[in-house]
Amino acid sequence: MISGNITTERAWAALQDAFRRDIRRPVKYEGSDWYQITPEERKVFGISLASMPPVVTAYRYYEEVLGLTDTDILPPNVMAVIRQDAARRFGMEPQIRCHSEFENFAKLFGISRRKAHAWFIKHEFWCVRRGIQGYEDDDAGFFY
């Protein structure tokens, strides 16, 4: 598949290059923000601090591919090729998160399904705790 002068293979290679670059960026992964993990979450989800750079970077890219964020990881024409291919390969739909799709996407970056799933659920419940996401049958006093 070609879009302009960008083949699907070159687009994914550009994303892999960006991934290798971004996992080396110094980030404080211990804490309570969306991209961080608390000691309690490490224990419950079995996610080590050492695994945080790749899994957080993959998740950030996943949300970018879904069109949930716009962080200019790659030029728009390259992201368009990746979005089209991700929809075809993984069934990824814009703006719709799915744990199994993230697991498949994360595998492209060498992340195990267990670790990708654990991160997805950890992030989902971070969103619930923050009131970003909820369920229609939640108790009104659940959010804190």
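Predicted model: local features only at pLDDT ≥ 70, side-chain atom pairs only at ≥ 80, totals over all residues.
**Overall architecture**

The chain contains six helices and two strands. In sequence order, these elements follow the pattern β-β-α-α-α-α-α-α. The radius of gyration is 16 Å, close to the 15 Å that the globule rule gives for 144 residues, so the chain is as compact as a globular protein of that length. The C-alpha trace spans about 50 × 35 × 25 Å along its principal axes.

Of the 144 residues, 39% count as buried. The chain exposes about 8,100 Å², and carbon and sulfur atoms supply 53% of that area. Among contacts with a separation of 6 or more, 58% are accounted for by residues 24 or more positions apart.

**Helix α4**

Helix α4 covers residues 76-90 and has 15 residues. From its first C-alpha to its last, α4 reaches 20 Å, close to the 21 Å expected at 1.5 Å a residue. The buried residues of α4 are Val 78, Met 79, Val 81, Ile 82, Asp 85, Ala 86 and Phe 90. Seen down the axis of α4, these buried residues fall within an arc of 155°, so they line one face of the helix. Pro 76 and Arg 88, on the other side of α4, are exposed. Just after the helix, Gly 91 takes a positive phi of about 70°.

**The loop between α1 and α2**

Both Glu 30 and Thr 38 are found in the loop between α1 and α2. Helix α1 comprises residues 8-22 and helix α2 residues 39-45. The table sets out the accessibility of the two loop residues.

| Residue | Relative accessibility | Class |
|---|---|---|
| Glu 30 | 35% | partly exposed |
| Thr 38 | 18% | buried |

Thr 38 counts as buried because its relative accessibility of 18% falls under the 20% cut-off. Leaving aside residues up to four places away in sequence, Thr 38 touches Gly 31 and Ser 32.

With the same exclusion, Glu 30 touches Gln 36, Ile 37, Pro 39, Arg 42 and Leu 49. The contact with Arg 42 includes a polar one between the two side chains, at 3.0 Å. Glu 30 and Arg 42 are 12 residues apart along the chain, and their C-alpha atoms are separated by 9.6 Å.

Terms used:
Residues numbered from 1 in each chain as written. Heavy atoms only, no water. Helix = DSSP H or I, 4+ residues; strand = E, 2+ residues; numbered from the N terminus. Expected span 1.5 Å × (residues − 1). Buried < 20%, exposed > 50% of the residue type's maximum accessible area, 1.4 Å probe, protein only. Arc of directions from axis to C-beta. Rg over C-alpha atoms; globule rule 2.2 N^0.38 Å. Contact = heavy atoms within 4.5 Å. Areas by Shrake-Rupley, 256 points an atom, 1.4 Å probe, with all protein chains shown as cover. Polar contact = N/O pair within 3.5 Å; in protein donor to acceptor, adjacent residues only side chain to side chain.
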